[in-house]
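Dear colleague,

A short account of the findings follows it.

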Amino acid sequence: MIIEKGTAISKGYAFGNAYILKNEKISINFKKIKLNNVEKEIEKFLISIKKTIKEYKKIKSKIKNKDKKILFDGYILILNDKSINNDIINLIKKKLFSADAAVSEVINKQIDSIKKIKNEYIKERISDILDIKKKIIININNIKYKDINFSKNNDDIIIISKDISPSQIIQFNNKNIKGFLTEEGSITSHTSIIAKSTKIPLIIKIKNLLKKIKKNDYIIIDSTKNIIYINPNEKIKNKVKLEYKLYNEKIKKLKKIKKLPTITKDGYKIKLLANIGNNKDINNVIKNGAEGIGLYRTEFLFMNRNSFPTEEEQFEAYKEIAISMKNNPITIRTVDLGGDKFLPYMNFPKENIPYLGWRSIRIYKDRKEIIQTQLKAILRASIYGNFKIMFPMIISMEEVFFIKKEIKKTKIKLKQKNQKFKKNIKIGIMIETPSAAIIANKLAKELDFFSIGTNDLTQYTLAVDRNNSIISYLYNPLSPSMIHLIKLIIDEIHKENKKISICGELASDEKSTILLLGLGIDELSMDSNSIPNIKNIIRNLSIKHAKKITEKILSKSTFKEINKILQENILNK
């Protein structure tokens with residue numbers, strides 16, 4: 001049997017026998033406790049919290065990738081949340097709930113409130129909260145589950161489950177485990193993030209998976225093509241093993257070109273930069289041969305904490321990244337709050353459509369202290385590296401004048417305190433709204449550089465919520481309207497001799513590389529792991545051929561026609 005419907009998260013190949021992972025059912029005592037047992041139940045709860053924190057710290061210590069450790073800091077922050085813990089203790093004291101019933105009641109209410117939020121990204125955090133709830137209740141009741149011993153034999157194993165939590169995927173870090181398949185899950189879940197970092201193949205959202213696969217079935221995962229083979233014959237086994245061999249040869253080849261220049265066969269040079277989410281991503285940036293950082297997301301400094309980061313905290317983070325990257329360019333995007341990024345210590349209004357609401361620069365205008373503190377820290381750290389400052393979610397010239405005014409005011413304040421900073425730091429914006437795209441010619445006269453955020457630009461241009469599974473098929477950055485809009489933006493920016501990059505997911509889409517080169521993009525910024533592959537494609541292209549193919553694409557009126565041309569011209573050698 002062959003399964004082709006699922007979502008591949010971590011690319012690669014895996015061969016092994018199916019191990020069906022069943023999540024144990026946990027029974028909760030909903031009977032009222034006796035008054036003289038209240039203190040005992042509270043003590044059970046508090047001991048459980050300490051034990052659960054200890055377990056998460058142990059799991060965290062096993063993670064090799066430092067940038068993923070921050071996930072478990074978030075779990076520990078929730079476990080230490082005084083508001084949640086007080087609610088649980090009050091239920092035990094005042095309503096005589098058992099400790100496990102109180103935990104279940106309070107956390108389920110938290111989950112119900114999250115479910116009401118019309119935002120898929122936030123809803124995906126529910127799996128994290130359920131993982132925490134399960135561990136607390138297990139520890140309250142001192143439930144002892146036998147560790148799953150995968151090393152009883154030397155067989156390679158593919159884990160099959162309904163879903164899998166981040167802590168499970170790390171605990172299953174066993175040399176015999178070759179891949180994961182789940183019925184549920186999401187692209188942006190922490191499980192998916194960790195799977196990518198461990199490079200173990202993972203395919204999620206496979207309908208009726210547990211009905212299709214039995215224990216010890218022989219499974220082959222090809223997550224490069226999103227295909228699963230169940231008990232394949234020898235002919236298919238040999239075919240996939242050959243593909244696996246070629247895949248490994250390609251990976252080895254990509255490692256060798258890391259330090260080679262990104263230049264086409266006819267001498268056209270393009271910069272490949274990295275998108276990063278925190279300072280701990282820097283090792284991957286250097287390892288994969290990025291020429292700088294095209295998008296430094298600063299939200300990590302504001303997340304998983306109880307208050308805004310101070311100027312000094314931000315300054316130290318920016319200084320560290322500047323020193324690490326030496327003189328390579330670093331584009332720092334000011335904090336992009338709202339939309340799908342909310343802070344527990346900041347009051348956000350209830351909005352029907354947060355992506356179109358109070359976010360990014362709109363927050364700066366109402367809460368100037370946020371942007372002023374960040375600008376001070378960035379400018380002070382600029383003397384240690386090659387910084388550029390980029391602002392998100394711009395829709396008008398008025399907003400450009402506002403940010404320029406804020407930068408000017410910040411420089412004056414720093415001068416008054418005799419604090420050093422680079423006076424000629426470049427200022428740019430992300431073009432991620434149709435309104436910014438339409439006035440690109442005017443924006444180009446006022447700013448130094450630009451970056452197209454294709455993720456948001458696509459959803460705003462096509463009026464499609466990219467997190468809405470019902471209409472996700474309509475979300476297409478390669479639709480004719482998007483391609484023409486990107487061309488318009490690039491052409492208008494180039495008229496003013498300014499540089500423009502793409503930092504959305506389109507930048508790392510291998511079939512789109514020929515089109516983006518043909519459109520005249522100056523830089524591509526992407527997840528650093530994608531850089532070697534895109535570099536390889538560019539080095540096998542000529543700009544003359546890219547322009548010819550792009551002209552052909554611009555003459556087409558449907559995605560089907562465009563996709564056919566791109567598939568025919570993909571250079572993924």
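Strand E4 (residues 157-161) is largely enclosed by the rest of the structure, because 5 of its 5 residues are buried. Please bear in mind throughout that this is a predicted model.

Within E4, the side chains are divided between two directions: Ile157, Ile159 and Ser161 point one way, while Ile158 and Ile160 point the other way, and all are buried. As a general point, side chains in a regular strand alternate between the two faces of the sheet.

Two pairings of E4 may be reported. Strand E3 (residues 13-21) runs parallel to E4 and is joined to it by 5 bridges. In this pairing, leucine 21 stands opposite serine 161 of E4. Strand E5 (residues 177-182) also runs parallel to E4, and 5 bridges join these two strands.

**Positive surface patch**

Lys199, Lys252, Lys255, Lys256 and Lys287 form a positive surface patch. Helix H10 (residues 234-256) contributes the largest share of this patch, namely 3 residues.

Another member of the patch, lysine 287, lies in helix H11 (residues 282-287).

Yours sincerely

Methods:
Residues are numbered from 1 along each chain as its sequence is written. This is a predicted model: local features need pLDDT of at least 70, side-chain atom pairs count only at pLDDT 80 or more; totals for chains, interfaces and linings use all residues. Side-chain values use heavy atoms; hydrogens and water are left out. Patches are made of residues with over 30% relative accessible area and no salt bridge: like charges are joined within 9 Å, nonpolar side chains (Val, Leu, Ile, Met, Phe, Trp, Tyr) within 5 Å. Accessible areas come from the Shrake-Rupley method with a 1.4 Å probe; for residues, only the protein chains shown count as cover. A salt bridge is a side-chain nitrogen of Lys or Arg within 4 Å of a carboxyl oxygen of Asp or Glu. Lys and Arg count as positive and Asp and Glu as negative; His and the chain ends are not counted. The place of a charge is taken as NZ of Lys, CZ of Arg, CG of Asp or CD of Glu. Helices (H or I, at least four residues) and strands (E, at least two) are DSSP runs, numbered from the N terminus. Buried means under 20% relative accessible area, exposed over 50%, partly exposed in between (1.4 Å probe, protein chains only). Two strands pair if DSSP finds at least two bridges between them.
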